[in-house]
Amino acid sequence: MVVTVAAERDLPAVERLYRAAIEEMCGAPHDVWWEFGVHPSREGLRASASRGELIVARDGAPATVGDGAVPQPEAPLLGACVVDGAQDAGYRTAAWPTPAPDHEVAVLHLLAVAPEGRGRGVARRLVAAAAREARARGARVLRLDVFDNNAPAIALYRSCGFTDLGARAFAYDEGFTHGAHLMELDLGLPGALDTTVVTR
């Protein structure tokens, strides 16, 4: 498995990945109400890719090209996520354990694993890659919100070292409220997640 910052040429595969993940979640106990075209949207993913904020995991071993390793271009995508600084309004009123100004806050969004990637550690590798990217951009903390019905994701983030602020009614900028856990990873703690992200 190779985890990389996505290039524009990855976008069709990223779209297929999110569509498959959304279809699998639909109606399941952990359904988080994503609708492709709304959240995530093709335009939003393209913008994230252009800013270097979209991270993807590919199947297979890296091939050496020049001085670096890049994934085989035909290798299928196993997962994706976005790491940026966009905080919904509900983040501003939370009692975060690590005070940090906005420019030192990174936020993990849209973590999804392809159905065929389940049980292979894909999500953990993506979280670790997001932590590394956040550190590289000068962030002190990595934050996220996750629906309170998404037990697998909550367990994953706790196991990755995130502090769970507990469930609360969370007002999303899209105009709805849902029970959610706010979670934070202090990137300065010894042993906080880390992994190598191969950029291309």
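**View 1. Helix α4 passes helix α5 in a right-handed crossing.** In this predicted model, α4 spans residues 122-136 and α5 spans residues 151-159, and the two pack at an angle of about 50° with axes 11 Å apart. Axes are lines fitted to C-alpha atoms over the stretch in contact, with angles from 0 to 180 degrees between N-to-C directions; a crossing is right-handed if the near helix is turned clockwise from the far one by less than a right angle. Helices (H or I, at least four residues) and strands (E, at least two) are DSSP runs numbered from the N terminus.

**View 2. Residues in the contact of α4 with α5.** Helix α4 contributes A123, R124 and V127, and α5 contributes L156, Y157 and S159 (contact: heavy atoms within 4.5 Å). By class, four of these residues are nonpolar, one is polar and one is charged.

**View 3. The salt bridge between D10 and R58.** The closest N and O atoms of the pair are 2.4 Å apart (salt bridge: a side-chain nitrogen of Lys or Arg within 4 Å of a carboxyl oxygen of Asp or Glu). D10 lies in the loop between β1 (2-5) and α1 (11-25), and R58 lies in strand β2 (residues 54-58), 48 residues apart. The structure holds 12 salt bridges.

**Notes.** Residues are numbered from 1 along each chain as its sequence is written, and side-chain values use heavy atoms, without hydrogens and water. Local features need pLDDT of at least 70 and side-chain atom pairs 80 or more, whereas totals for chains, interfaces and linings use all residues.

Definitions and conventions:
Nonpolar A, V, L, I, M, F, W, Y, C, P; charged D, E, K, R; others polar.
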